[in-house]
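Please keep the sequence and the picture in view as you go through the points.

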Amino acid sequence: MKYNQNNIFFKILNKEIPCNKVLETKHALAFYDISPKAKTHVLVIPKGSYIDIYDFNKNANSEEILLFWQAANLVVEKLGLKSLGYQIKSNIGDGGGQEVFHFHIHILSDLA
Ligand code: AMP
């Protein structure tokens, strides 16, 4: 499967459609999920075009990977989730329930 630019997160990255931004870094963008499954539900996506976490781990360079996970921690700090606890999830493929085929993680917390 090849990355298909016709996905909603690619359009968000290109500012074709808006998002409710939490933060943005050189390699990552974090924004609130439009249909939250927890009290706090944030998505973190890399700016590079990767289909899923497998593709990202395999093909992103070390700076992209490092700064992506640093951005995830920045979201946690910014929203005060560290002391409360949270989940990180990533769905992969049809069997994993993935709907948007641009790699993303879900950060979820029911306490904040
Ligand atoms: P997944 O099933 O892991 O691919 O999750 C995709 C997520 O993207 C779902 O939780 C959707 O609610 C969310 N989503 C879809 N469109 C948007 C959008 N325009 N802005 C923010 N989140 C979105």
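**Notes on the predicted model**

1. Tyr-86 sits in the loop that runs between α3 (62–78) and β4 (87–89), where helices (H or I, at least four residues) and strands (E, at least two) are DSSP runs numbered from the N terminus. This is a predicted model, in which local features need pLDDT of at least 70 and side-chain atom pairs count only at pLDDT 80 or more, while totals for chains, interfaces and linings use all residues. Residues are numbered from 1 along each chain as its sequence is written, and side-chain values use heavy atoms, with hydrogens and water left out.

2. With a relative accessible area of 32%, Tyr-86 is partly exposed, a class that lies between buried (under 20%) and exposed (over 50%), computed with a 1.4 Å probe and protein chains only.

3. Lys-15 is found in the loop between α1 (8–13) and β1 (21–24), and its relative accessibility of 65% makes it count as exposed. Although Lys-15 is not a glycine, it has a positive phi of about 60 degrees.

4. Turning to the ligand, which polar side-chain atom lies 2.9 Å from one of its oxygen atoms? That atom belongs to Asn-91, while a backbone N or O atom of Glu-99 lies 2.7 Å from an oxygen atom of the ligand. In the side chain of His-106, an N or O atom is 2.8 Å from a ligand oxygen atom. On its own the ligand has 510 Å² of accessible area (Shrake-Rupley method, 1.4 Å probe), and the protein covers 88% of this area.

Notes
A polar contact is a pair of N or O atoms within 3.5 Å; within protein, one must be able to donate a hydrogen and the other to accept it, and residues adjacent in sequence count only if both atoms are side-chain atoms.
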